[in-house]
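Here are some notes for a colleague, to be read alongside the sequence and the coordinates.

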Amino acid sequence: TSSTVEEVFTANGARCPWSERRWCGLRMAAAGGAEPSHAVQHLQMPEVEFLAEEELVEIIPNFEFASFQFIVGAVGPFRPQRPIAVPLWLARTLRKRQKCKINPPDWLSKESLTSVLEAENSSDAFTEIPPHFQEMAAVLIECAAADIPDCEEVRALLADIYERRYQKIRNGLASAKDSEAIKMNNLTRMEISSIRPFFVESMNAFFVLNDALDRAFDGGPD
């Protein structure tokens, strides 16, 4: 049956929390307003999580609605049992209101994660994975565990992958003391944000000490 926007975003008779930043954006778009732009340099971890929610995932709605008008454009139309790609934040909201099921991405499967873990364990290099791997997996397991086959095994594989990759990161940072540069390809956005503050401060301190030693030896007594 056809739904109104209020019905879509209302659960158990409770009104939708329009004060949330997402819904504020929707209301501003409806009024012709605009949100201020923000710099994307030196992203903090909460900002990385926010950006991850813009990634598209496939849902299977159980309602009918033409489209939602957001600042970034229209999302829709929605037809019962017809898959459609929507931003992760919208998929989570609709799933929590039991308005859809989520089709987990191919990489969030037991078979795919097993292959990733084997690759991580067999090499010191980082396996290429989606840039928002951790954040998307956390959101999908939190809101749609019932939609993910073998969810508990998937959760365990994710934990093993995280631990192995962070072990590699720790090893890479430890090797920085013997080199002016380190090479760590295929890090995710969250991994980069988690090590950036420590790594930058550590390298700054290293170069300050190195310069001080050079000056001491160059200007010291014969």
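**Notes on the predicted model**

1. In the contact of helix 6 with helix 7, the residues Phe133, Gln134, Ala137 and Ile141 of helix 6 meet Cys151, Val154, Arg155, Leu158, Ile161, Tyr162 and Tyr166 of helix 7. By class, the residues of this contact divide into 9 nonpolar, 1 polar and 1 charged. The model is a predicted one, and the points below should be read with that in mind.

2. As to the geometry of this pair, the axes of helix 6 (residues 133-144) and helix 7 (residues 151-174) come within 12 Å and cross at roughly 155 degrees. Because angles over 145 degrees count as roughly antiparallel, helix 6 is roughly antiparallel to helix 7. The crossing of helix 6 and helix 7 is left-handed.

3. Helix 7 also packs with helix 5 (110-122), at an angle of about 25 degrees and with the axes 10 Å apart. Helix 5 is therefore roughly parallel to helix 7, and helix 5 passes helix 7 in a left-handed crossing. On the side of helix 5 the contact is made by Lys110, Leu113, Thr114, Val116, Leu117, Glu120 and Asn121, and on the side of helix 7 by Glu153, Val154, Leu157, Leu158, Asp160, Ile161, Arg164, Arg165 and Lys168. The classes in the contact of helix 5 with helix 7 are 7 nonpolar, 2 polar and 7 charged residues. Val154, Leu158 and Ile161 of helix 7 are listed in the contact with helix 6 and again in the contact with helix 5.

4. The loop between helix 5 and helix 6 holds His132, which counts as buried at 3% relative accessibility. Not counting residues up to four places away in sequence, His132 touches Val48, Leu51, Ala52, Glu55 and Arg189.

5. In the loop between helix 6 and helix 7 lies Asp147, which also counts as buried, at 13% relative accessibility. Apart from residues up to four places away in sequence, Asp147 touches Arg95, Lys101, Ile102 and Pro104.

6. Why is helix 4 (residues 88-96) described as largely enclosed by the rest of the structure? The reason is that 7 of its 9 residues are buried, and these are Leu88, Trp89, Leu90, Ala91, Thr93, Leu94 and Arg95. Arg95 is also among the residues that Asp147 touches.

7. Phi of Gln98 is near 55 degrees, a positive value in a residue other than glycine. At 62% relative accessibility, Gln98 counts as exposed.

8. A positive phi, near 65 degrees, is also found at Asn186, again a residue other than glycine. Asn186 belongs to the loop between helix 7 and helix 8 (189-219), and with a relative accessible area of 36% Asn186 is partly exposed.

9. The peptide bond from Gly76 to Pro77 is cis, with omega near 0 degrees. Pro77 is placed in the loop between strand 3 (73-75) and strand 4 (84-87).

10. For the protein as a whole, there are 8 helices and 5 strands, and from the N terminus on the elements run α-α-α-β-β-β-β-α-β-α-α-α-α. Among contacts between residues at least 6 apart in sequence, 66% join residues at least 24 apart. Of the 222 residues, 36% count as buried, and the accessible surface comes to about 13,400 Å², of which 53% belongs to carbon and sulfur atoms.

Conventions:
Residues are numbered from 1 along each chain as its sequence is written. This is a predicted model: local features need pLDDT of at least 70, side-chain atom pairs count only at pLDDT 80 or more; totals for chains, interfaces and linings use all residues. Side-chain values use heavy atoms; hydrogens and water are left out. Axes are lines fitted to C-alpha atoms, for helices over the stretch in contact, and angles run from 0 to 180 degrees between N-to-C directions. Helices (H or I, at least four residues) and strands (E, at least two) are DSSP runs, numbered from the N terminus. Angles under 35 degrees count as roughly parallel, over 145 as roughly antiparallel, 65 to 115 as roughly perpendicular and the rest as oblique. A crossing is left-handed if the near helix is turned anticlockwise from the far one by less than a right angle, and right-handed if clockwise. Contact means heavy atoms within 4.5 Å. Ala, Val, Leu, Ile, Met, Phe, Trp, Tyr, Cys and Pro count as nonpolar, Asp, Glu, Lys and Arg as charged, and the others, Gly among them, as polar. Buried means under 20% relative accessible area, exposed over 50%, partly exposed in between (1.4 Å probe, protein chains only). Accessible areas come from the Shrake-Rupley method with a 1.4 Å probe; for residues, only the protein chains shown count as cover.
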